[in-house]
Amino acid sequence: MVGDPSLHLHYLESDQNYSRFAIVADGPTHTHGELDNNGGLRGVYRTLRIGRALDACAFLVVDDGTLVCKDDTRMWLESDHGRKEPDTTVLLWGVDCVPEKHEWAKKYVFEKDGTIAPAQNPHGVCLGVQEDEHATLPKVVFVKRTDMRRRLVFARGPVLEQHMAIVEETKRARLAERAALKERICSTVITRTFCETLKRDGFVALENAVPTRLIRQAKREINRRLGAGAANLNAKTFTANSSITDLLKESAVPMALSKLLGGDDEYWRSQITSGQIALRFPGDACPNATNYDDDDDDVRISASHFDSVRRYWHIDGIPGESNGLSYGKIHNFDCLCGVLLSDVQEPMSGELCVYPGSHVELAEYFSNNTHVLETLRVEGKGLPSGPETDALFKRRAVHCLGKQGDVFLVNYMTAHFVAPNASPDIRYAVYFRVSSSQHDGGNISILAPWIHWDGLNRMCPDRHGGSSHHESDTIEILSAMFPDVERAVVMDMLAACHGNSDSAAEHLLQLSR
């Protein structure tokens, strides 16, 4: 093992038939509290699972058997609490410090049978696989080397070289696909008209943004879950499965977001850690959904029934028991991205519906009724929906129809709801919520919907609901949010927060209570 500049742990033999897969780092890097008797150092760790070869975690082999994560050399291949018994979880673990503490790391050896085992191995274990009831991808654990069903046998020599050549060719094809998507987005899609539509309406369709292979991959995973007896995969179903997250990560959306909100493509890919699977089944939100007329194939939605649905719109992030969001904070973000996995060609097919221009109207409403924001934050109640809807919104709701692969980009403040599904088909969609690097959890964008959209504001400077992010505009917005706080105090607080409007808003909120 010594001397290998980089090691990808791809394995070939297992009764689980994962031969095209590898050890991958799954999810974000976590930190935990101070390590005992080690000068206040903090531990860092990341879950290891069995995933696609394209996502393989690369290791550096150092110190005669330590396997260090190539992408984050603070961490190495370790086991839970250093244990070596069978079924012990194996993970990336390390210490958040420089220089790294590689001398603390466990050492490993390649056995002649292709397994990888800890150098000190009193229980006769090696790296293996274990299904995880809480996740789609199986996790990496220690198993007995005699456990032929679960142990992992890794590729080496010419076999690994051939396998890696295929992987690298696939990666090159993916990069070429990204480049083509970026060229199309930058040259023909994000136009002045596109930006003006987004500014005016608070939403826009990004057509043909997701390649067909990604759609098929995601639907395969969703249908697999349905076939396995999963619940209705409704709005509460979130997953970090790569088949779902790749809908955005590997699509044109990161390029579009970088053009509209600033930052680079990789920043937006890093934002996408999970997706919300949202299926709408035939009969959802329909009257007498289970009582169909055998002589009539159509389920008709009356105007009065649709009115009863559309008036109870929402914006995301309001705390409540139904969505599991904690009270005391409005969990806002910058952009809702809705990916269509199936064609939605006709209204009343379970499609997303939005009120165009409502982002401006709601911002004005909250500016004039700041006490409502406090009620929403503390109690999760107070949205001016129901009977107030038609007096508040000037334009009729729009049905977001489109084809599979289309993505709707929606400003956080745009009021929306889901239409009844009177069609015979399941409406397949996945939603993602992302924020600019300027967004630090504060609520100023509720009153200035475009304040974090730097790219959009440069391309389309006309003012629609807070399009500019100049300091004078920010002061006006903060003053409107906190009318009982003197303007001089607002200015001082913004300066103390180095111009960060969200941080200033949070401090002013504490001050005004």
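Reader: Are Tyr365 and Phe366 buried or exposed?
Author: In this predicted model, the rings of Tyr365 and Phe366 have their centres 5.5 Å apart. Relative accessible area under 20% is the cut-off for burial. By that cut-off, both Tyr365 and Phe366 are buried.

Reader: How is the pair of Tyr365 and Phe366 classed by the angle of its planes?
Author: Planes over 60 degrees apart count as edge-to-face. The planes of Tyr365 and Phe366 stand at 75°, so the pair is edge-to-face.

Reader: How many residues apart in sequence are the parts tied together by the pair of Phe306 and Phe417?
Author: The ring centres of Phe306 and Phe417 are 5.9 Å apart with planes at 55°, so this pair is tilted. Phe306 counts as buried at 12% relative accessibility, and Phe417 is buried at 3%. Phe306 belongs to helix H7 (residues 303-310) and Phe417 to strand E21 (residues 416-418), so the separation of the parts in sequence is 111 residues.

Reader: Which residues do ring pairs link into a cluster with Phe306 and Phe417?
Author: The count of aromatic pairs comes to nine. Ring pairs join Phe306 and Phe417 in a cluster with Trp313, Tyr355 and Phe393.

Reader: What is the relative direction of helices H3 and H4?
Author: The axes of H3 (residues 212-227) and H4 (residues 242-249) come within 8 Å and cross at roughly 150°. Angles over 145 degrees count as roughly antiparallel. H3 and H4 are therefore roughly antiparallel.

Reader: Which classes of residue make the contact of H3 with H4, and how many of each?
Author: H3 passes H4 in a left-handed crossing. The contact residues include Leu214, Ile215 and Glu221 of H3 and Ser242, Ile244 and Asp246 of H4. By class, the contact has two charged, three polar and six nonpolar residues.

Notes. Residues are numbered from 1 along each chain as its sequence is written. This is a predicted model: local features need pLDDT of at least 70, side-chain atom pairs count only at pLDDT 80 or more; totals for chains, interfaces and linings use all residues. Side-chain values use heavy atoms; hydrogens and water are left out. Axes are lines fitted to C-alpha atoms, for helices over the stretch in contact, and angles run from 0 to 180 degrees between N-to-C directions. Helices (H or I, at least four residues) and strands (E, at least two) are DSSP runs, numbered from the N terminus. Angles under 35 degrees count as roughly parallel, over 145 as roughly antiparallel, 65 to 115 as roughly perpendicular and the rest as oblique. A crossing is left-handed if the near helix is turned anticlockwise from the far one by less than a right angle, and right-handed if clockwise. Contact means heavy atoms within 4.5 Å. Ala, Val, Leu, Ile, Met, Phe, Trp, Tyr, Cys and Pro count as nonpolar, Asp, Glu, Lys and Arg as charged, and the others, Gly among them, as polar. Rings of Phe, Tyr and Trp (its six-membered ring) pair if their centres lie within 6.5 Å; planes under 30 degrees apart count as stacked, over 60 as edge-to-face and the rest as tilted. Buried means under 20% relative accessible area, exposed over 50%, partly exposed in between (1.4 Å probe, protein chains only).
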